[in-house]
Amino acid sequence: MRGRTFGVMADATTARPVRSHPVFAVFYRRLCDVTDRAGFAKVRAALLAEATGNVLEIGAGTGGNLPHYVNADRLSVVEPDPAMLKVLRTRLDRAPVPVELMPAPAERIPYADGQFDTVVCTLVLCSVADLDKAVAEAKRVLKPGGKVLFIEHVGAPSAKARRTQQRIEPVWKRLFGGCLLTRDPVAAFERAGFTEVAAEDVVLGRNPAPAKPIIRGSARA
Ligand SMILES: C[S@@+](CC[C@H](N)C(=O)[O-])C[C@H]1O[C@@H](n2cnc3c(N)ncnc32)[C@H](O)[C@@H]1O
């Protein structure tokens with residue numbers, strides 16, 4: 001069954017209204033088309049081939065991952081930004097499995113403990129308001145032994161590149177929907193008590209953007 005939406009509900013999980021980024025949502029959808037054609041679709045596909053069973057994606061954005069859930073049984077996605085949700089709702093039929101869409105943030109995932117076999121986050125831990133809370137929530141909703149799969153850009157290892165990232169970060173954050181350049185999600189997975197935390201660099205062609213290096217990996221709850 002392709003892309004059947006069987007649940008779209010209002011966001012009852014947030015006390016504050018979630019900030020909308022309409023310009024970024026339109027720009028990001030186009031950017032994903034370009035980066036996917038340049039090879040990023042293959043990176044997404046390789047990671048998501050490992051997403052099995054009952055899968056949750058956090059911060060699904062404009063749905064770039066949806067076509068790649070070929071080994072999942074069913075998919076739930078959470079996304080808090082109304083502008084991203086507007087685009088996402090039009091693209092749910094790209095998924096090869098049924099999709100449940102929940103307008104909610106990663107810091108308050110509206111699912112009970114231990115429901116999911118796999119949690120996916122791609123290019124989202126840079127943008128969540130509270131990294132540790134988001135990662136703790138991912139662990140909470142995973143079954144014991146379940147896996148988080150991730151692709152994230154992280155702070156540069158060299159001090160010089162890191163200083164550049166820190167300098168441009170305030171402007172970058174405003175332009176790119178709250179994205180921070182210097183986060184360390186691997187350390188956050190370890191702090192949250194995930195085991196078997198493994199990450200490797202994603203090797204792409206020339207990448208002039210300061211949002212690098214990009215890593216892909218997994219960790220076990
Ligand atoms: C750069 S986009 C990445 C979208 C998608 N994951 C992808 O791989 O293309 C970052 C996404 O994180 C979402 N986001 C921001 N804050 C969030 C939060 N607190 N919880 C969940 N998602 C959030 C944004 O709305 C946006 O959709």
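Reply: Happy to! Let's begin with one term: a contact means that heavy atoms lie within 4.5 Å. Two notes on the background: this is a predicted model, in which local features need pLDDT of at least 70 and side-chain atom pairs count only at pLDDT 80 or more, while totals for chains, interfaces and linings use all residues. Residues are numbered from 1 along each chain as its sequence is written, and side-chain values use heavy atoms, with hydrogens and water left out.

Leaving aside residues up to four places away in sequence, Ile-58 touches Val-78, Ala-106, Ile-109, Val-120, Cys-121, Val-124 and Leu-125.

Now step back to the nonpolar cores. A nonpolar core is a set of buried Ala, Val, Leu, Ile, Met, Phe, Trp, Tyr and Cys residues joined through side-chain atoms within 4.5 Å. Buried means under 20% relative accessible area, exposed over 50%, and partly exposed in between (1.4 Å probe, protein chains only). The largest nonpolar core has 28 residues, and Ile-58 is among those with the most contacts inside it, along with Leu-56 and Leu-125. Two or more residues of this core come from each of strand S2 (53-58), strand S5 (116-122), helix H3 (131-141), strand S6 (142-153), helix H5 (185-191) and strand S8 (214-220). These labels are DSSP runs numbered from the N terminus: helices are H or I, at least four residues, and strands are E, at least two. Helix H3 gives the largest share of the core, five residues. There is also a second, separate core of 24 residues, and Leu-48, Ala-72, Leu-75 and Val-120 are included in it.

Next come the charged groups. A salt bridge is a side-chain nitrogen of Lys or Arg within 4 Å of a carboxyl oxygen of Asp or Glu, and by this rule the model has nine of them. Let's follow Glu-50 first. Its side chain meets that of Lys-147 in a salt bridge of 3.4 Å, N to O. This pair links distant parts of the chain, 97 residues apart: Glu-50 is in the loop between helix H1 (22-48) and S2, and Lys-147 is in strand S6. Glu-50 counts as partly exposed, at 31% relative accessibility, and Lys-147 is partly exposed too, with a relative accessible area of 22%.

Glu-50 has another partner, Arg-216, and their closest N and O atoms are 3.3 Å apart. At 19% relative accessibility, Arg-216 counts as buried.

Elsewhere, Arg-140 forms a salt bridge with Asp-113, with the closest N and O atoms 2.8 Å apart. Here too the pair links distant parts of the chain: Arg-140 is in helix H3 and Asp-113 in the loop between strand S4 (99-102) and S5, 27 residues apart. Arg-140 is partly exposed at 25% relative accessibility, whereas Asp-113 is exposed, with a relative accessible area of 55%. Finally, back to Glu-50: salt bridges that share partners join Glu-50, Lys-147, Glu-200 and Arg-216 into one network.
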